Amino acid sequence: MTDSSPRTVRDLGEFGLIARMNRGRSQAPGVLLGPGDDAAVVAAPAGRFVVSADMLVQDRHFRLDWSSAHEIGAKAIAQNAADVVAMGARPTAYLVSLACPNDTAVEFVDGLTEGLWAEAGRSGGSIAGGDVVGSPLLVISVTAFGDPVERPPVLRSGARPGDIVAVAGRLGWSAAGLAILSAGIDPERFPEIVAAHRLPQPPYESVLSLPADAGVSAMTDVSDGLLADIGHIAESSGVAVDLDSAAVRDPDLEPVAGLLDADPLAWSLAGGEDHAFAATFAPAQDLPAGWTRVGRVEDGSGVTVDGRSWSGPLGWESFTGGG
């Protein structure tokens, strides 16, 4: 039996596409009213939201020949969910807006939708609404809502001298995966590393399961690179941070670095899109499970590595594409 589905979004039309993207979906408990009315209704048990927004643009943040539709959709949610979780909030709802060419295959949008909903569910939320529009390029814009009911939002400005700097999640894997794809190396030689670039897996529960007495003083997700994002904490808190290169370096990246004549430490320090979490903890606290000590907060300003300034790349910058 042949599939009678329309071949492109032009055939389906705006409202047909919206209906298809939402058909058969169930909302998370925090979404009181999902798609179908003029606006969604989202619960706010704490009387406030944590809100973040981000965009992915074709050929800037992803390539259609490198990533599947499912991976692109899931990545769009993951990078927004990580921002909400980095504030200590539990994701509840997402607004997703899609701009795409009118000859985009409906099958592609189906895969994109599956990825969006899969990662939304993994984070604990659901897609409450959004918009679709025609565009020369594929662009995905996501607004994420989080519920900070269990604790006050964790800010970047709370680090104090003596605090421990720790990380949950992997560092440098996304940058290494991008390097593999850019070099034209068969992804099957390093499938797990390439997968980390195509579809980051933020360790949400490493943050959301932290007890109230964990001693977290500041936190951020690692989206632009550890040096850049820890630098935001240092600047906001008025402190210095010294990172331990031995703790940051990941030996699993060394075979790829050797093949490409690259520095694996540079990937771990300055590679973006890992969406790990970096936080500072009070020095008297034992680190919770899933967190690894990578440095220390000190008096002063700026970020150093092993007590010295880092001379390599500093991380991702949106309008230059690098450090």
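In this predicted model, methionine 55 has serine 141 as its bridge partner, the serine lying in strand 6. The two strands concerned, strand 3 and strand 6 (residues 139-147), run antiparallel and are joined by eight bridges.

These strands belong to an open sheet of four strands, ordered 3-6-4-5, in which the pairing is mixed. Because strand 3 (50-57) and strand 5 (126-134) each have a single partner strand, they stand at the edges, and one side of each is left without a neighbour in the sheet. From one strand to the next, the twist averages 15°.

Two helices pack on this sheet, as set out below.

| Helix | Strands touched | Angle between directions |
|---|---|---|
| Helix 2 (residues 14-22) | strand 4 (90-100) and strand 5 | about 155° with strand 5 |
| Helix 3 (residues 69-86) | strand 3, strand 4 and strand 6 | about 150° with strand 3 |

The second largest pocket has a volume of about 460 Å³, and 27 residues line it, of which Pro35, Ala128, Gly129, Gly130 and Asp131 are the closest to its centre. Helix 2, strand 4, helix 4 (106-123) and strand 5 are the elements that give two or more residues to the lining of this pocket. Strand 5, which stands at an edge of the sheet, provides the largest share of that lining, with six residues. By residue class, the lining of the second largest pocket divides into 17 nonpolar, six polar and four charged residues.

Conventions. Residues are numbered from 1 along each chain as its sequence is written. This is a predicted model: local features need pLDDT of at least 70, side-chain atom pairs count only at pLDDT 80 or more; totals for chains, interfaces and linings use all residues. Side-chain values use heavy atoms; hydrogens and water are left out. Two strands pair if DSSP finds at least two bridges between them. Axes are lines fitted to C-alpha atoms, for helices over the stretch in contact, and angles run from 0 to 180 degrees between N-to-C directions. Contact means heavy atoms within 4.5 Å. On a 1 Å grid over the protein atoms alone, a cavity is a set of points where a 1.4 Å probe fits but cannot get out, and a pocket is an open set with protein on both sides within 12 Å along at least five of seven lines; lining residues have an atom within 4 Å of a point. Grid points are joined across faces, edges and corners, and a volume is the space filled by probe spheres set on the points. Ala, Val, Leu, Ile, Met, Phe, Trp, Tyr, Cys and Pro count as nonpolar, Asp, Glu, Lys and Arg as charged, and the others, Gly among them, as polar.
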